[in-house]
Amino acid sequence: MPELLSTLATTFGYTQFRPLQREIIEASLAGKDVFALLPTGGGKSLCFQLPALMRPGLTVVVSPLIALMKDQVDQLQSSGVAATYLNSTLSAAESRTRLAGLHRNQWRLLYVAPERLMLDNWQENLRTWNVACIAVDEAHCISEWGHDFRPEYRQVAKLRDLLPEVPFMALTATATERVRADIINHLRLHKPELFVASFNRPNLTYRVIPKDQPIKQLIAFVSKREHESGIIYCASRATTERVAEALAGRGFSARPYHAGLEADERTRNQELFLRDDVRIICATIAFGMGINKPNVRWVVHHDLPKNIEGYYQETGRAGRDGLPADCLLLFSAGDIAKQTHFLDEITDEHEQQVARTQLRQMVHYAETSGCRRVELLSYFGESFSVNACAACDNCLEPRDSYDGTVVAQKFLSCVYRIRQASGFAVGLNHIIEVLSGAETEKIRRWGHDQLSTFGIGRDLSRSAWGAIGRELMRLGYLALSKGEYATVELTADGMQALRSRKSISLTKAMESPKDRSPVRRAGEINCDEILFDRLRTVRKRLADERKVPAYVIFGDATLRQMARLYPDNEKAMNRIFGMGEKKREEFGAVFAAAIKEYLATSSRQHFEA
């Protein structure tokens, strides 16, 4: 379908599709149900936006986030697409105007929240609006196994009975196999075409450092990124407020964002962030941010996330424009204890077990000495065959190993002695307390203060013993039981190593690495940085005049290409990424004039391909 590429170029300004986009679009245009899993930044939205322009009728987009609806509609309208949304932010008069437009077939795309679709009068409307496709965005919200379950999403399936001939498209950026099956089942997708792209985000660099005076660490990190937008995720509202206040007090433009704020303040802070008037947002992990801001250059986790899926989703808010971005996790053993305490309060036994398993996977990711990209992708059932990803701390600066035979023997021996003396196994914390010589009530009651291993590990901190114990599990010498309580047992390999005094190599503890970037990063566009900065100023002025975020005008990738190729007239703008016809007509002359003015006093730079 050559007209697909033509529409892609004239409307969106792209010359080629991203992986799987074309196949998804063609399946949708053929009238098939579609399940599409594309990573954040992989171009999900285009998969239903472009087909909406290629066929008659209305495409209804179910979206859970009000801010995201406005964001996407602003971007579509700036590209000349007839798109609108209906939600609770609109006045009655605005809603009536948009509904009248729907009855006149004025719109090609309608964004709407799931609960609104099920109102009685809406069902009649949907029958008369010539609906051509229903796209369910953030489809993982339909599954209780997803990281962001929303019960109202379960209502969407009722549209199958209301509009039985209308094809469905389910889209998500993160879903395990179990969640994928759940989405297909609950939406009653009929013989869907399945598309699962790689979860790999090559432009993201992942780092984990020991948490030590986190405010100082954050200040050091953001000081090197003063002109970049970033998100700091915190585990509690109080921490969110404290971190935002500390950064603002030192001159950084930072605001908090969490469910405890008044709705007006939360909306205002988000709007300031979207428009680049505030550079840093400090947000709670639990409260999702409905943003589509492509130029987030970094994400920091001040606290340990509960699970890898949430961590992947949150880090995925960085670098959506394909340009390089950094993801930093501050990690401490204390955070494990805090999270474990929260899990103890979960009353449902099955739910608690699932949460514990997820937390162990997250801790394993944080402590691993292997490639972090391999760890993330393997969680989603994807293998990564490259020996070194060149974009995580463990590949850029591999940690040294050491002869850990003595400490391993102490730990394995302690597990063995406790089991031998008591006839039952205990949890990791209790083993560490025995090694550390702690005088607890349980240790005295069970007589574990009489064991030969009691106190033989006083030379190391409890957090160091915790890291050793978890590494021995990763190496297969210890295993966690599957019962109600996660007790630690010796494996056959562990027993063999204990008896034979086998030499065991362990990994040295994490240190704060030098904050350096790879020589060449995926997605990097080398350009004239001074010109790029000038073009950002032009973009900000145009965006403020129109009261929209800067990226609605152009993304950073478009500006960087301009600052690399120096298109100083409108015709030369044809070859610029992200420059559709409407945007070229509206903004091409303005940016060409800015480039021409710059070249009057500065010479062109030349960049390697």
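The following legends describe close-up views of a predicted model.

**View 1. Strand 13 and its buried residues.** Strand 13 comprises residues 325-331; 7 of the 7 are buried, so the strand is largely enclosed by the rest of the structure. Ala 325, Cys 327, Leu 329 and Phe 331 point one way from the strand, whereas Asp 326, Leu 328 and Leu 330 point the other way. Residues of both groups are buried.

**View 2. Parallel partners of strand 13.** Strand 8 (residues 204-210) runs parallel to strand 13 and is joined to it by 7 bridges. In this pairing Pro 210 stands opposite Phe 331. Strand 12 (residues 296-301) also pairs with strand 13 in the parallel sense, over 4 bridges. Here Leu 328 of strand 13 is the bridge partner of Val 300. Between strand 12 and strand 13 the chain passes through helix 13 (residues 308-315), and this β-α-β crossover is right-handed.

View 3. Strand 9 is mostly covered, with 6 of its 6 residues buried. Ser 229, Ile 231 and Tyr 233 point one way from strand 9, and Gly 230, Ile 232 and Cys 234 point the other way. Strand 9 pairs in the parallel sense with strand 12 over 5 bridges, and Gly 230 stands opposite Trp 298 of strand 12. The pairing of strand 9 with strand 11 is likewise parallel, over 5 bridges; Cys 234 has Thr 284 of strand 11 as its bridge partner.

**View 4. Helix 10 and its surroundings.** Within helix 10 (residues 214-223), Gln 217, Leu 218, Ile 219, Phe 221 and Val 222 are buried. The buried residues of the helix pack against several elements, including strand 8, strand 9, helix 11 (237-249) and strand 13. The charged end of Arg 225 sits over the ring of Phe 221, 3.7 Å from the ring centre.

View 5. Strand 3 and strand 4 (residues 109-112) run parallel and are joined by 4 bridges, with Ala 83 having Leu 109 of strand 4 as its bridge partner.

**View 6. The aromatic pair of Phe 199 and Tyr 312.** The count for the model comes to 13 aromatic pairs. Phe 199 and Tyr 312 form an edge-to-face pair, with 5.6 Å centre to centre and 70° between the planes. Phe 199 lies in the loop between strand 7 and strand 8 and Tyr 312 in helix 13, so the pair ties together parts that are 113 residues apart in sequence. Phe 199 counts as buried because its relative accessibility is 1%, and Tyr 312 counts as buried at 3%. Phe 199, Tyr 312, Tyr 379 and Phe 380 form one aromatic cluster.

**View 7. The aromatic pair of Phe 424 and Trp 446.** The ring centres of Phe 424 and Trp 446 are 5.1 Å apart and the planes are at 70°, so the pair is edge-to-face. Phe 424 lies in the loop between helix 18 and helix 19, and Trp 446 in the loop between helix 20 and helix 21, 22 residues apart. Phe 424 counts as partly exposed at 31% relative accessibility, as does Trp 446 at 29%.

Conventions: Residues are numbered from 1 along each chain as its sequence is written. This is a predicted model: local features need pLDDT of at least 70, side-chain atom pairs count only at pLDDT 80 or more; totals for chains, interfaces and linings use all residues. Side-chain values use heavy atoms; hydrogens and water are left out. Buried means under 20% relative accessible area, exposed over 50%, partly exposed in between (1.4 Å probe, protein chains only). Helices (H or I, at least four residues) and strands (E, at least two) are DSSP runs, numbered from the N terminus. Two strands pair if DSSP finds at least two bridges between them. A crossover is right-handed if, with the strands pointing away from the viewer, the path from the first strand over the helix to the second runs clockwise. Contact means heavy atoms within 4.5 Å. Rings of Phe, Tyr and Trp (its six-membered ring) pair if their centres lie within 6.5 Å; planes under 30 degrees apart count as stacked, over 60 as edge-to-face and the rest as tilted. A charge sits over a ring if NZ of Lys or CZ of Arg is within 6 Å of the ring centre and within 35 degrees of the ring normal.
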